[in-house]
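Subject: Structure for you to look at

Hello,

Here is the structure I said I would pass on. Please open it first, then read the notes below.

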Amino acid sequence: MARAPPSYCFVALPPRAKDGLVVFGKNSARPRDEVQEVVYFPAADCEADSKVECTYISIDQVPRTHAIVISRPAWLWGAEMGANEHGVCIANEAINAREPAAEAEALLGMDLVRLGLERGTTAKEALDVIVSLLEKHGQGGNYYEDANSCHSFQSAYLLVDREEAWVLETVGKYWAAEKITEGVKCICNQLSLTTKMDAEHPELRTYAQSQGWWTGEDEFNFSQVFSPADDHLDCGAGKDSLEKQEETITVEMMINILRDKGSGVCIDSDSFLTTASMVSVLPLRRSSPCIHYFTGTPDPSRSIFKPFIFVDDVKLVPKTQSPCFGVDDPAKKEPRFQEKPDRRHELYKAHEWARAVIESDQEQGRTLRETMLELEKQGLAAMEEILSSPEPPEPSEVADLFYDCVDTEIKFFK
């Protein structure tokens, strides 16, 4: 498989974000035939001494998990990106570092995204969850549904809540983190932290010295110490696409950034594709709900961003969930990945038809895309009204929100 292109996640905080909002965005660049599903899990009380089965290993469960909504490759347990009921958003990036990632099966970076969301009420609390699990269980295993070779990576994370963001970068069990309280930040598939670190593994610098990567005399620069010598990945275009914006960052602007193929933020190559995208808006005002937009389909330039709001009794959306193969899933049986089942969900199949029309018939494709964008525009306008209202929405009015949007999109494609 060809080397993966950059995969980007972004955050804009006041004063760069509009009207006291925090705006988060993520494109997931994955193998182009991989299906990504959007799944909601309600909060749950768990039995004492119970286990949770992650992608490759089982770990101790906690007494209670938070409600989450995640976008994930359909074959694994974790998540590429997602949010929880407390307004925490997390996205993951696969990283190459000076120390190769372990191929032995442990926790995937994507497992740690989900675990952070299930167990953290703030971005910092989720970070603490991730690094403690990293210390205990390690990270490793195949990032792709591929029987021919193991693609293992170190991990970086962007963790965001209503008040701040954290960039967390990991190499094995070692890690460093930077707190972001204003402005914009972009991360992609390379180490980015330098000399400003607001938290770090207590043995990080000792370990770097023991490997001969740092003398202990120079200023400690995390990315210089831990990046591989042959790291030539260029993430500059994605960073520029956010930082060059002169206006305050809005949800619409973040969506447009994720759709931009010219900058390289939206991937469409022979081997890789932006298989799913997410944008979230987190109001500083606690009475306003956080709103999370998911595509659930590939290529955001040809997809509709659909809103989700956490309330009690959220209606589940089977049409964005892939078929479940249980213990017979080739991703669960060893040796793994001996075959690839059809993981397409109903929304994905409907969207395949739309993509084919857009590619094959210029006039019909243009009309179709204009109608798709108009549907999305109506949804964004309705969410803007909710955010500008002094009162939170009635739960009954938004419990079916994501379900109805998906249902409308599928009916429109048919």
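How far is the sulfur of cysteine 324 from the closest cysteine sulfur, and which cysteine holds that one? The distance is 16 Å, and the partner is cysteine 54. A disulfide needs the two sulfur atoms within 2.5 Å, so cysteine 324 is too far away for a bond. Keep in mind that this is a predicted model.

Cysteines

A search of the whole structure turns up 0 disulfides. As for the surface, cysteine 324 has 74% relative accessibility and therefore counts as exposed. Cysteine 150 has 28%, so it counts as partly exposed.

Helices H1 and H2

Two packed helices are described by the angle between their axes and the distance between the axes. Helix H1 covers residues 109–119 and helix H2 covers residues 123–137. Their axes come within 8 Å and cross at roughly 130°. Angles over 145 degrees would count as roughly antiparallel and 65 to 115 as roughly perpendicular, so H1 and H2 are oblique to each other. Their crossing is right-handed.

On the H1 side, the contact is made by Leu112, Leu115, Gly116 and Arg119. On the H2 side, the residues are Glu125, Ala126, Val129, Ile130, Leu133 and Leu134. Sorted by type, the residues of this contact are 7 nonpolar, 1 polar and 2 charged.

Helix H6

Is helix H6 mostly covered or mostly open? H6 runs over residues 251–258 and is mostly covered, with 6 of its 8 residues buried. The buried ones are Val251, Met253, Met254, Ile255, Ile257 and Leu258.

Valine 35

Valine 35 sits in the loop between strand S2 (21–31) and strand S3 (36–41). Its relative accessible area is 7%, and buried means under 20%, so valine 35 is buried. What does valine 35 touch, leaving aside its neighbours within four places in sequence? It is in contact with Arg72, Pro73 and Ala74, with Ser322, and with Arg343, Arg344, His345 and Tyr348. Valine 35 and threonine 275 are 240 residues apart in sequence, yet their C-alpha atoms are 7.0 Å apart in space.

Regards

Conventions
Residues numbered from 1 in each chain as written. Predicted model: local features only at pLDDT ≥ 70, side-chain atom pairs only at ≥ 80, totals over all residues. Heavy atoms only, no water. Axes fitted to C-alpha atoms, helices over the stretch in contact; angles between N-to-C directions. Helix = DSSP H or I, 4+ residues; strand = E, 2+ residues; numbered from the N terminus. Parallel < 35°, antiparallel > 145°, perpendicular 65-115°, else oblique. Left-handed = near helix turned anticlockwise from the far one by under 90°. Contact = heavy atoms within 4.5 Å. Nonpolar A, V, L, I, M, F, W, Y, C, P; charged D, E, K, R; others polar. Buried < 20%, exposed > 50% of the residue type's maximum accessible area, 1.4 Å probe, protein only.
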